[in-house]
Structure formats: C-alpha cells, structure tokens
Protein chains: 2
Amino acid sequence: MDHAPLNESTGGLLPCSGDGPDAALARAVSPASIEAAGRVLAGVAHRTPVVTSRTLDGLVGARVFLKCEQFQRVGAFKFRGAYAAMATLDGAARGRGVLTYSSGNHAQAVACAAGLLGVRAVIVMPADAPRIKLDATRGYLAGAPAGSRIVTYDRGREVREAVGGAIARAEGLTIVPPYDDPAVIAGQGTAAWELFGEVGELDWLFVPCGGGGLLSGSAVAARGRSPGCRVVGVEPCAGDDAARSFASGRLCTVDNPQTIADGARTPCLGRHTFALVMAHVSELVTVGDGAIASALRLVSERLKLVIEPTAALGVAGLIELARQRPEDVTGGRVGVILTGGNVDLDQLGSILGMAGCD
Amino acid sequence: MDHAPLNESTGGLLPCSGDGPDAALARAVSPASIEAAGRVLAGVAHRTPVVTSRTLDGLVGARVFLKCEQFQRVGAFKFRGAYAAMATLDGAARGRGVLTYSSGNHAQAVACAAGLLGVRAVIVMPADAPRIKLDATRGYLAGAPAGSRIVTYDRGREVREAVGGAIARAEGLTIVPPYDDPAVIAGQGTAAWELFGEVGELDWLFVPCGGGGLLSGSAVAARGRSPGCRVVGVEPCAGDDAARSFASGRLCTVDNPQTIADGARTPCLGRHTFALVMAHVSELVTVGDGAIASALRLVSERLKLVIEPTAALGVAGLIELARQRPEDVTGGRVGVILTGGNVDLDQLGSILGMAGCD
C-alpha cells in the first residue's frame, strides 16, 4: 500500500492522524441485531435475487454468487438501513420525524421509508444535486406526512451538517445518518445475511466500501452465518481512505476523491464503521476507474444487469484479487454484493468507454 | 389498420398477394409438443426468472409479469428453439450436422447448441455482420465438432439461402431455420409455458413478433395452459408485415424495414408461423421506434434490466394498448416476454435519446 500523498487531481489527502478504533463501538452491532433488522424488513424490503454467471466463474476460477441490490426498493441497498433505523425509533421520536443529508441513494431511501412508515422526513440536499435525484426524492416524499420536504443548501457557502443540525434541533427531528449508526449498519447487514441464508457458507465476500455501513454490516453478518468467510472491502484507488485507515489503524480522510464510483466519494469511515471494519474485515482492496468500468461492462453486457458504477466495485475487486493471487481464489465460493442500479443511462456509454484505461 | 403502401424511407412494401394460411400446418405444433420440448430443455436451458414492477403496474393499471429471456443462454430465447430442434434430430442427421443462416441471436444459439450436443454446425453470415456477433458465434463454435465453421457471403451479390443450400446439399447438413420449423417453434413456446407454470393463468400475453416463431409458440402454449388468455403480437410500425398479414389473411411482405428493433426486421412470417398466428393469436399491435425507445428506457432505468430494442416491443405494445383501450387492460393479469439482451451498450444512449419521438 502506497501512503504517499495523492496529487490534487485524484483527491485531497489529509494525514492519517485520526483516532484509532474504539473497540467498544464494534460491539454495537452483532449478528443478533442483523437478524432482528431482518425481521423488521420482512415483507417490506425485497428479498433480492442471487444470480450466477458462467462467464464470471470462468474468468476468476471460482463459483460466484451476486446479490442483486439494484432490484431493492429505491434501486439500492440503502433502503434496508434507512427503513430498519426509522422503524425502530421509539414512538415519540417517530412522531416528531427524521432528518438526513444525502444527495444520493440514502436520501431516496429515507424518503421512501418515511412514506411507508408515516414518519415526517426532512432531506437536506445540495441545490446543485442532479435534477433526477431531486425529483426522485420529491416523488417519494409525496407519500410522507405533512411537513416532509427537501431543504437545499449552497455547497460552496454552507456545510450540510450545520444546515441539517439547525433544522433538526429546531423541529426535534432525529438524524438518520447515511452509515455511521448501529441501526443503519444492522439494516445494511441484512443483504449479506440473506445471501448466506440462500447459498450457504462462502470463502470470500466482496463488498463496495464508501462510508463503510454496508461493509461493516456484511462483515458482522459473515461472523454470524459463515465464520470462515473472508470479507473484503473494495474502494476506488482515488478514494482509498478506508484502505489507508485499515493499514494504519488510524482514521484517514481523502477529501473529494475523483472517481466514477460516486457512492464511494465519502471522505472517511465513521467511528462505528471504522471500529467494525477493524474488528471483522479481512482486507481492503483498491481498484482504478478503468477496472471499475471494465467490471461494469462485464455485468451489463454479459450478465444483462443495470448497475451503477459504485456497484461494480465488488466485481472489480474480485477480478483484481483473482489476478494477483489466483491460488487464494481458485475453486472457492465467492459472494459479491451489487449495491445499486441508479445510473444515468445517457452517461453509461461514456463510462463504459473508459473500460480498461487504468 | 392502414394498408396504404409505405414510402421508401420506412421499408419496401409488396402487395399482400401471398397465399392464405394452410390450416394443416397449424396442427404441426401442439401444447404437447411444447411440453415435450420443455423436457428436452430441462437442465440445459435456464429457467429464466419472472420479474414484476410496481412502476409498470401503476403505469398500465394491471399486474404485469415479465419473463426475462435476456438471462437465457446466449442472451436470448433463441437458444430454446435451436437446442430443442437439434436435440431431436435422428442419429444419422446429428452425425452429419446442421446449417443455418442468421446474423443475429439464432446464429449464436445454433453454435452454442452445437457445442453442447456435439453436432457439427455451419453458420452462414453476411461478411459485413457486426464484428461482435461474428466473434461471439465463433466463440461458441470453438466448442463444437471439427468441420464447424462460419461461412460469410456478400450481401450485395449473393442470396444467403442459395449459399447455405449449396453447402447443405454438398455436406448432407440439416437446415435449422430461425423460425419456420415446428421443432423450433415448440422450443420457443417453452418460455411462455414456464411463465404460465410459474404465475398461473393470464388475461393477456404480449410477445414481440419478427418471423413469428416465438409468437406462434407462445400462442400454442397459452392454448394449453391458459385457454382464456389473449395473445398479442407486437411489431414495429415500419415492419408491420405480420399485422398486415393478420388483417388481410394473406401473407404480406415488408422488405428491409428501418427500425431500431433489429430482431423484427424479418420481411414476413413463415408458412408455419403464419398458419399458427392466424389460428391462435388474438391481435397484432404496432408501435413506433419512439415508443420502443421509451419502453427500453423504462425497463433499463426503473427495472434495472439490460434488454435489446426488440425485447422492448412487448412492453411498448402493452403500454400502447393500455392507452388506447384502458377498459380492456385495467385490473388484468398480463404477461410480457422480454426476448433478449444482446445490445451494444455504446449505442444504448443514442437509442434511449429517441424515447418518445414518434
């Protein structure tokens, strides 16, 4: 792992001088809490399909099972964590409502859960967020209680946490964070929990890593259902904060990484997710945007599945590991989580044009 | 239905002066022959998934079940017919081998089946076929017996039937036609057969129509498993030969129709498929390329499924019928066959840009 500072074109690297992991936080999510979240989600979240591909099996020399969260409600695994967290709030907190800040799939997930649960939701989004994401979030909020709304802020002049925090305090709203929350992490862990339930124990599980909520939940799920499984987090090279944190044992930050995997542009792990990753994850792998685009092309052209670039991270990481250490992968049983499918198809062609250009 | 000749920009229309349907040919494919083809395909063809979508249900006011043949081997339903026909040849014919002419999914289907069955196959393709299709077909043939090969011909100077016929006679090869063959039609019918088996009886079934093999097989399957189901063939407006044939009772031809639904550019139904369509299909619906592109966008963006433009015909036809005659569709149970997913993703963006441009 190269710890030299990145240049400006690939992201702003701050030194790994953050805190070490707080082991007590790692105990906040257990296999039992994931199982409980699964009961909350039963009949509400989709039990997404698991697909296999002779082509991919042949390419990596293993038997691969892909958990298809692009078919989840709102088109991404994020529904699991948002709904699980909101459904388990106490009655008073549910009555007051929730707030979140996100420009991505988590915003839609909270908005959708708000409609289903009858919980008021305020979503803080940048004013320059893509119109399609604002519209989708607004569409879900149409089914939520009165007072639910999108609040936009100016990314250049305001900090979203400050904007959101002020509103939450004024209106008594509970913040539903996108990843650094035990209830959210337990919800995200239900995807891997279902995967193990359907295909049995695995040798490897590859999981995209942004803020680490899905990775943490998946790793805890593996501890419960497939203790020998090595859980691997996969990050884009340009945003390798989690890999640096994992290697150094100190929380590292990469600001504004430039990568096509927009769901992995989070600057750092959270306090809970850092502790859980350190406790339960086997390794972190980084892949370039060209490798991500190649994996995206494979999944689109050969598996006929629409996924967003971030969702290709797991496949790209598996292919990279199989290339570097075939002896570890050959003949194994491998799980991969495809995280979501919310991609602008008009841009898909140009992204696919990058395939193999690392 | 407007029977005025089309202008040159939309295809060359010959008068509907062909023969009427030969009712005897309609008896060559029965529900029992489809059931038998299903036994031949068991464990070889994929039992493809059926997916549903709240968005699509809401749009058309009905409960819609989509049979996903893009996940079939070779990425299209064509594998069913090719394999079923080749697996049921007598021993001597299998020993001599088969020949087909196709530049599309049927070529890959015959090549794939040849490898699986150990039957020699000669595939006649135009020399200017897309490189990706030549390569894919060649890839499948690599697993087939010695003597298997692609023979290219000059589309401007040669007729494929003449080129193929001469080779077949010289080498004793059995021709496996892309659609006008009872064994092929029975194989294609297994997709609808499985759909009825999984979801029960339906009120409507929408099926893309090129040469009519899938449509014929689907209609016979409906007679066996859901006798009250109205089976609708869907064609591009520019290549509406089957709709004209159905309306006039005479086999009509539209040469070289210009449409994004490249799998429906066949000039006319075959003799078997015409007879079966007349006997068992309820109606033919035509849709413009803009409507096909809109349906393709819906399936890609909301259902997260990669399909080729021809595969969007069924969804486009359903949306069109629900718009014109909502009273017929509302509250019903509707099947749609998504026929395949072999699309050049670099072109998908430009096709999607046509959405709604009729």
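Biologist: Which residues does V232(A) touch, leaving aside those up to four places away in sequence?
Modeller: In this predicted model, V232(A) touches W204(A), L205(A), F206(A), V207(A), L215(A), E283(A) and V285(A), with residues up to four places away in sequence not counted.

Biologist: Where is the place of V232(A) in chain A?
Modeller: V232(A) lies in strand β9, which covers residues 230–236 of chain A.

Biologist: Is V232(A) buried or exposed?
Modeller: V232(A) has a relative accessible area of 0%, so it is classed as buried, the cut-off being under 20%.

Biologist: How many residues apart in sequence are V232(A) and L321(A), and what is the C-alpha to C-alpha figure?
Modeller: They are 89 residues apart in sequence, and their C-alpha atoms are 9.9 Å apart in space.

Biologist: Now to the two chains. How many residues of chain A are in contact with chain B?
Modeller: There are 19 residues of chain A in contact with 19 residues of chain B. The area buried between the two chains is about 1700 Å², and carbon and sulfur atoms give 53% of that area.

Biologist: Which three residues supply more than any other three of the area that chain A buries?
Modeller: R54(A), K304(A) and L345(A) do, supplying 37% of the area that chain A buries against chain B.

Biologist: And how many salt bridges and polar contacts are there between chain A and chain B?
Modeller: The count of salt bridges is zero, whereas eight residue pairs are in polar contact, both residues being at pLDDT 80 or more.

Biologist: Which element gives the largest share of the side of chain A that touches chain B?
Modeller: The largest share, four residues, comes from α15(A). By class, that side of chain A has six nonpolar, seven polar and six charged residues.

Definitions and conventions:
Residues numbered from 1 in each chain as written. Chains lettered and ligands numbered in written order. Predicted model: local features only at pLDDT ≥ 70, side-chain atom pairs only at ≥ 80, totals over all residues. Heavy atoms only, no water. Helix = DSSP H or I, 4+ residues; strand = E, 2+ residues; numbered from the N terminus. Buried < 20%, exposed > 50% of the residue type's maximum accessible area, 1.4 Å probe, protein only. Contact = heavy atoms within 4.5 Å. Buried area = accessible area lost by both parts, 1.4 Å probe. Salt bridge = Lys/Arg side-chain N within 4 Å of Asp/Glu carboxyl O. Polar contact = N/O pair within 3.5 Å; in protein donor to acceptor, adjacent residues only side chain to side chain. Nonpolar A, V, L, I, M, F, W, Y, C, P; charged D, E, K, R; others polar.
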